[in-house]
Amino acid sequence: QVQLVESGGGLVQPGGSLRLSCAASGRILSINAMGWYRQAPGKQRELVAVIGSGDSTNYTDSVKGRFTISRDNAKNMVYLQMNSLKPEDTAVYYCKVSSRSFIWRPYIDYWGQGTQVTVSS
């Protein structure tokens, strides 16, 4: 099993910044993609940003130029730097990691418990 622990959420004013972190632990041989998703009240969970094992990145249009995803493979961590935050960024943010425990096992997706980000004056 793999456990994911997110941190860094909180309350911030519009235009402010936050940095989310997600640490993966447990039976991990290798990690493929790592990503951040968010879910606002009454809305479906959506992809925010994803980073592949080769550090290729993809962002949803609404955060391009404001958010940056990065990873530290030595620490099994993924980060989301969020700048110029807007009220519409308010949501619970979840990290997702695709990992495998043995070379003959397929990659499995694991989710964190979520961290609240609130952007309000």
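Visitor: Which residue stands opposite V12 in β11?

Guide: V119 in β11 stands opposite V12. This is a predicted model, in which local features need pLDDT of at least 70, side-chain atom pairs count only at pLDDT 80 or more, and totals for chains, interfaces and linings use all residues. Residues are numbered from 1 along each chain as its sequence is written, and side-chain values use heavy atoms, with hydrogens and water left out.

Visitor: What makes β2 and β11 a pair?

Guide: Two strands pair if DSSP finds at least two bridges between them. Strand β2 (residues 10–12) and β11 have 3 bridges, in the parallel sense, so they meet the rule.

Visitor: In which sense do β9 and β11 run?

Guide: Strand β9 (residues 91–100) and β11 run antiparallel, joined by 3 bridges. There, V92 stands opposite Q116.

Visitor: How many strands and helices does the chain have?

Guide: The chain has 11 strands and 0 helices. Strands (E, at least two residues) and helices (H or I, at least four) are DSSP runs, numbered from the N terminus.

Visitor: Why does the radius of gyration agree with a compact globule?

Guide: The rule, with the radius taken over C-alpha atoms, is 2.2 Å times the number of residues to the power 0.38. For 121 residues it gives a value near 14 Å, and the chain has 14 Å, so the two agree.

Visitor: What share of the residues is called buried?

Guide: Buried residues make up 41% of the 121 in the chain. The term means under 20% relative accessible area (1.4 Å probe, protein chains only).

Definitions and conventions. Buried means under 20% relative accessible area, exposed over 50%, partly exposed in between (1.4 Å probe, protein chains only).
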